[in-house]
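Take a look at the chains and the ligand before reading on.

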Amino acid sequence: MSNELDALYQEIILDHYKHPHHQGLREPFEAEVHHVNPTCGDEVTLRVHVDDGVVSDVSYDAVGCSISQASTSVMADLVIGKPVDEAMSIHQEFLTLMQGKGTVVPDEDVLEDGIAFAGVAKFPARVKCALLSWMAWKDATTQAGASDATASKEI
Amino acid sequence: MDGLLPELDVIRKDFPILERTLDNGQPLVYLDSANTSQKPQVVIDTMVDHLERHNANISRAMHQLGAESTEAFEAARDKVATFIGAPDRDEVIFTKNATEALNLVANTLAWATGDLAIGEGDEVVITEMEHHSNIVPWQLLTQRKGATLRWFGLTDDGRLDLSNLDELVNERTKVVSLTWVSNMLGTINPITQIARRAHEVGAIVVVDASQAVPQLPVDVAASGADLLAFTGHKVVGPTGIGVLWGKRAVLDQLPPFHGGGEMIETVRMDISTYAGIPHKFEAGTPPIVEAIGLGAAVDYLGHIGMEAVHAHEQAITRYALEGLATVPGLTVLGPLDARERGGAISFEVEGVHPHDIAQVLDSRGIAVRAGHHCAKPAHARFGVQSSTRMSSYLYTTPSEIDALVEGLEYTRSYFKLG
Ligand SMILES: Cc1ncc(COP(=O)(O)O)c(C=O)c1O
């Protein structure tokens, strides 16, 4: 029974949970979103700062379980500093992993610490926890891109 | 231990699911009965027997099976009426669940005329400890009618704050709707006292008895309620069936809810007249086998005796509160005196999120609920996002509570909390 739990709660996950990266809400940002998991009430407020097509900051304030907190931290690590396109494809890769019911083998080169979540995909009730902030990030980045596009159009 | 059901072993044998083991070979420790209860063999058998031998639509089938099916369905109504002390069996209306029963009331009140009509300046009073099913329908009603929604706040120990009862329930109040037993805090509310005040000002009283009917001896006539809702699946019955009980005078005054077959007296192309209660509120083919299953369920509980079920729940709840108090960093949300509460105990453990608690417990075969339990405002009142909830029932044993407490100790060590 402990093995099964250990597959879910990888050390990496517990580390990120205890010491989350990039936490807090910062300026500047082009978009801020608030996402909730309606089944459990977990919440995240997340801001994205996109500069010249690059995700230059992701900042957040989140309440949630170890899986959702760690996932937020790992996500911020992965996307900050990446061009939006590349960050979106990392997002897609993580989504595929989470929706794969445990059959997808994650690519460590792309997902880095995110591979620790492979075990979560086997726990359907927890997939939503892992995806909460990723979905929030995508939403915010799309909005930031839209405002970016209008901003550049005005020039 | 005092108060436990004397034949607990025998009772447990009535519930086949309690014998199963989980994927990893562990026995099941089911502590999620406030979410849904398990079903005794007699309920399962009654439903199977009906489907195998008596299945037909009710009321409209002119053949033997139709007569048998109708008789079984109506007999279920009689059983429910007896179980809750309804003065008149026609006051028992079958719905899909408690949620539908509460929505039936809130919707028909929106269309009501005369005394029951609700409009601008009128007030509806609920409480901060309601299940979402007893909040949202009233928000919809008051928004649609320009009325005002008000609510009782909660004290720090999880009771209704009744200090402003006379101000809150006043001559503008048309409806007071509240839960009898909280599904999150476990609190048993003084509904009779509140109903007395509501009736003084001419308001009607709606009681959400979803957690009360499973645990307490319920006498609707003495409760003070004008309308009362509960759900079959929490009283060892099946899902898909709920009950709205109401005083005939009130039900007669409310307009129909759904229009369709069975609820009419006669239909012309331009206008229809409606059947009397209960059929007025039971349009369409009802959940027949579910109602029959519910009849068997309340018979089963009635046979054991609700006084005895209540005593058992109190004994287990007291034992659980004592056990939980030994877990470091654990805080119970709600009253700490087992005599004043039902068998749902929500708690927090410092440093571990409810999801993670439930996950670790699940790995040990222990089923609890984690989240907001459809009571977000009550959680917000106590400054928490979510909680873990254990809930017992007539089949719960003290050793299952021991397993929970050990599981919580293990959870703390798993997450390396001292
Ligand atoms: C207090 C209370 N009210 C209402 C409900 C709703 O019951 P149902 O979902 O069966 O309609 C529940 C159960 O979830 C409850 O505990």
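Q: How do the residues of the shell around the ligand divide into nonpolar, polar and charged?
A: This is a predicted model. The shell has two charged residues and one nonpolar residue. The polar residues number 10.

Q: How many residues surround the ligand, and which are the closest?
A: The ligand is surrounded by 13 residues. The closest are B:Thr99, B:Asp208, B:Gln211, B:Thr231 and B:Lys234.

Q: How far is an N or O atom in the side chain of B:His233 from an oxygen atom of the ligand, and what share of the ligand does the protein bury?
A: The side chain of B:His233 places an N or O atom 2.8 Å from a ligand oxygen. Alone, the ligand would expose 390 Å². Of that area, the protein buries 89%.

Q: How many disulfides does the structure hold?
A: Over all chains, the count is zero. For A:Cys65, the nearest cysteine sulfur belongs to A:Cys129, 3.9 Å away. A disulfide needs the sulfur atoms within 2.5 Å, so A:Cys65 is in none. The number of disulfides is zero.

Q: Is A:Cys65 buried or exposed?
A: Its relative accessibility is 0%. Buried means under 20%, so A:Cys65 counts as buried.

Q: Where is B:Gln359 found, and which residues of chain A is it in contact with?
A: B:Gln359 sits in helix H12 of chain B, residues 354-363. It is buried, at 9% relative accessible area. Leaving aside neighbours within four places in sequence, its contacts are A:Leu5, A:Leu8, A:Tyr9, A:Phe123 and A:Arg126.

Q: Which residues does B:Gly334 touch, not counting those up to four places away in sequence?
A: B:Gly334 lies in the chain B loop between strand S11 (330-333) and strand S12 (344-349). It is buried, with 11% relative accessible area. It touches B:Asp157, B:Gly158, B:Leu185 and B:Arg341.

Q: How far apart in space are B:Gly334 and B:Ile345, C-alpha to C-alpha?
A: In sequence, B:Gly334 and B:Ile345 are 11 residues apart. In space, their C-alpha atoms are separated by 7.7 Å.

Conventions: Residues numbered from 1 in each chain as written. Chains lettered and ligands numbered in written order. Predicted model: local features only at pLDDT ≥ 70, side-chain atom pairs only at ≥ 80, totals over all residues. Heavy atoms only, no water. Helix = DSSP H or I, 4+ residues; strand = E, 2+ residues; numbered from the N terminus. Buried < 20%, exposed > 50% of the residue type's maximum accessible area, 1.4 Å probe, protein only. Contact = heavy atoms within 4.5 Å. Near = heavy atom within 4 Å. Polar contact = N/O pair within 3.5 Å; in protein donor to acceptor, adjacent residues only side chain to side chain. Areas by Shrake-Rupley, 256 points an atom, 1.4 Å probe, with all protein chains shown as cover. Nonpolar A, V, L, I, M, F, W, Y, C, P; charged D, E, K, R; others polar.
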